[in-house]
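Please open the model in your viewer and keep the selection panel at hand. The stops below take the form of things to select, each followed by what is there.

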Amino acid sequence: MNENLPYFAALKAFASRARDRVGDLWSWFWYLLGVLYFVLPLYATLDFSLHMQRDTISLLAYQKAFADPGFLKTFVYSNILAVITILVGLLLVVPTSYWIRLRLPEARRVVEYITTLAIVIPAIVMGFGLVAVYGAPIKIPFTSVQLTDSLLNSPVGTNFIIIMGYTVLALPLMYRSIDTGMRTIDVRTLTEAAQSLGASWTTIIVRIILPNLRASILSGALLTFAIVVGEVTISSIMNVPAFSPYLWLLGQHKAYEPAALSFASFLLIWASMGIIQIVTGGRAQAAGAH
Amino acid sequence: MAQTALPASRNSANPLNLKKWLGVSPFFLFAILFLIWPSARLMIDAFLDTQGRFTFANLAQLFQNPTIVSSYLLSIQISAVTALGGGIFGFFLAYSVTIGGLPKALRSMLVTFSAVASNFAGVPLAFAFVATLGRTGLITAILKNVFGVNIYTAGFNLYSFAGLSLTYMYFQFPLMVLIMAPALDALKREWREAAENLGATVFQYWWHIALPILMPSILGTMFLLFANSFGAYATAYALTGGSLPIITIQLRAQISGDVLHNPSLGYAMAVGMIIIMAVSTIGYIWLQSRSERWLK
Amino acid sequence: MAYLSLSNISKQFADAVVVQDFNLDIAKGEFVSFLGPSGCGKTTTLRMVAGFETPSTGNITLDGANITDKAPNQRNVGMIFQAYALFPNMTVSQNIGFGLRIRKEPESAVKERIAEMLSLIHLEKHADKYPYQLSGGQQQRVALARALANRPQVLLLDEPLSALDAKIRVSLRSEIRAIQKKLGITAIFVTHDQEEALSISDRIVVMYEGKVEQVGTPFEIYNFPKTAFVANFVGTLNTAEAEMVDPAKGVIKMDGVQFESANQVEGQKKGDKVAIAIRPERFSFASEQKKANIVDCKIENITFLGSVVRIQITIGNTKFNMDTFNNPFLELPKIGDKSQVTCSREAVLILDRQ
């Protein structure tokens, strides 16, 4: 037999790859450039945050940052709001998306226009819009009968409105996540199969649909979380004690702690996106700028 | 369900249809209450003067007031620059991990990091760039100490057009990567082989076939990038503190009532912004649908 | 010298040898099919001729010139892909004219050639349509025209009909064959469908696991398969284990039933186990005509297939399929009946042991 086979094979392969070689060089160049662009600012932040103590590397900046009562207060606040926003978002999107797929395909277009609208209206405009509408007392239209005072006058009202605002910001991503998930598992066929086997609506939703949507729900939730914790535009317009405005304020008079918190933010987001990658098998989503 | 004499039909006059729309009503109610009405309210208020009477004056200011006009122009310029730059850079990056043949693991890392980078926008991003290219930033220091180049004396300033653009690129090109990678995947290998088989060089294949096929996607995504940058506020605010008068910052200043007590002018600026964003987004959607038609 | 010659071709990917010892001479104007199951190496071999894969060993010669190391865009071969591969951003005319324009032929010549090709495939009215507006069959015809417009020396077709509906498949394969004959162009056709290969080829190369099993005309391949694989892959076949009784006379015994075969394989001795094969259509009822072999059988099942009636019989302990032409006036035996069938000595094939 051909003992020469491996040798000749290698030689021929080498020669034929000459053309592909150049292609590879070009690809590596751009990839490394990209890596550089991604990593340098993060490295610079890390480096800076570790040098709070003169001449040595220490976690002092981190210790101080986390120990600051302002940090805990705003971080917890943003987290709580994020969780509520996630729940509201899921409650809105999952049934609607399911309903559209099952009963009302005509509504699909309209819903997609609405999510597009949420992208078209920038956060800053929406923030002011919310203030304009809910900063005034709520009246029955065309009368002077007042139902309630301005919602923004109370902390509960303000929290309510800002959660709604966050939900709108997260809506496009949440919707796309859930909708893609529903399409992938073909909800319609699953539901019909379950119905033909005698399952009730509750059983179908709880034991079949939701478990299969785990990846999409998690993905949407983590994206919402990242958006809410990083949100500063509406939060500062409405003057709520959220994490990112706090971070900004910190940056006005401190140097090392903000860097530490920024790097910590990065790690948090990286963990979230990494989880999404694993759980969805690569269907990463991008948030817009804010 | 109550027994009805007539079976449910697709006739839109059938009352059963109304019941169907009930299912999506919470969503619509939410959208109206917290998205559509607030935006509409702003847009209506743009047409009111300080006494509450109808006027076009505010809208007119968009074209007459030099500060406002230059604000729009600045935002448009930054958005165009970062859309183009981020688009090109992002395209080549996406190319490198798809057709360029880099290992799958590298692609997965790139996709994750792109998702991270695009979510990292806002305050942390601004701080990160300050730590990198600020006056005492890492790269500034390296360039000065190792290469003897002082970028600040050479005229660079992080808190300027160039600096902001550079910062914006950080979330622009990842967005391009995330959208273009699947589009590049859709380029069938057979097209290249068929072209080669008919005598085309690699360059001719790209020029006559691949780029034309990808162009709607590339252009469309650049429109998206444009809109993305145009509406951004937090990053610029955290970076420049409001010193760079891009339209979003100008808008905030106007409505928060620092200067003149004419929030309606700010609302008018918002209307202008929405129109530009809408045009850009529609461009994106239209081009995406064109490219999908070809790639059927 | 042959027009297209593949000598000593092999291809190795990483640790898997995908094609081995491939030798073939193709005459000018010949239509050769590579036939085999998925993974047998037929597409890889075709792609080596096209230049998309480089052979690990061996040479490819076309019209006297060694093209083994030539880049794919330097060879003058035309390729048709399974997925049509029409350029979606170009109209039918632009697709067809692509190769000529790349070669910088004068525009008037290009237009003429495009018109010629359009009339060849009967799609003159669709000249300005885009691929997404055409059906699968139409797209494949355009692909054919596009490859032919370039006046290639060889036409390579990689399972061009697999993605099409059954009816279109049959009509398009005749059309391809007709065009090939009319233009006198040499062609290699890769397929896993033996009916396709049998119906349109001058010669067939049957491949299995990277090796050539047999090369021959459709008639030869079907009636005189050299190996068990070829016999099984092409057409339906009955196979059984038997024992050699008398190698000189070709007498074998299967389940105690004696057969005489006119086909002998060298090196058989008495007592050797052999594999025998008989095509279903070679059996007939002994009551109609008597041939050399007459054996008893039992009727197990009768299936009416239209023009053919398939009868399942048991000879000894082995089930055999017997095909006979439908004849409304023929009285068929009933299930469970005992009967006698006959076949000639040539019909009993003795196969190479694998």
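Begin in chain B by selecting helix α5 (residues 104-119) and helix α8 (residues 161-185), which pack at an angle of about 140 degrees with their axes 8 Å apart. Axes here are lines fitted to C-alpha atoms, for helices over the stretch in contact, and angles run from 0 to 180 degrees between N-to-C directions; helices are DSSP runs (H or I, at least four residues) numbered from the N terminus. Because angles under 35 degrees count as roughly parallel, over 145 as roughly antiparallel, 65 to 115 as roughly perpendicular and the rest as oblique, α5(B) and α8(B) are oblique to each other. α5(B) passes α8(B) in a left-handed crossing, a term used if the near helix is turned anticlockwise from the far one by less than a right angle, with right-handed used if clockwise.

This is a predicted model, in which local features need pLDDT of at least 70 and side-chain atom pairs count only at pLDDT 80 or more, while totals for chains, interfaces and linings use all residues. Residues are numbered from 1 along each chain as its sequence is written, chains are lettered from A and ligands numbered from 1 in the order in which they are written, and side-chain values use heavy atoms, with hydrogens and water left out.

Next, in chain A, select helix α3 (residues 69-102) and helix α6 (residues 155-185), whose axes come within 7 Å and cross at roughly 45 degrees. α3(A) and α6(A) are therefore oblique to each other, and α3(A) passes α6(A) in a right-handed crossing.

Finally, move to chain C and select helix α2 (residues 92-102) with helix α3 (residues 107-120), where the axes come within 9 Å and cross at roughly 130 degrees. That angle makes α2(C) oblique to α3(C), and α2(C) passes α3(C) in a right-handed crossing.

Notes:
Helix = DSSP H or I, 4+ residues; strand = E, 2+ residues; numbered from the N terminus.
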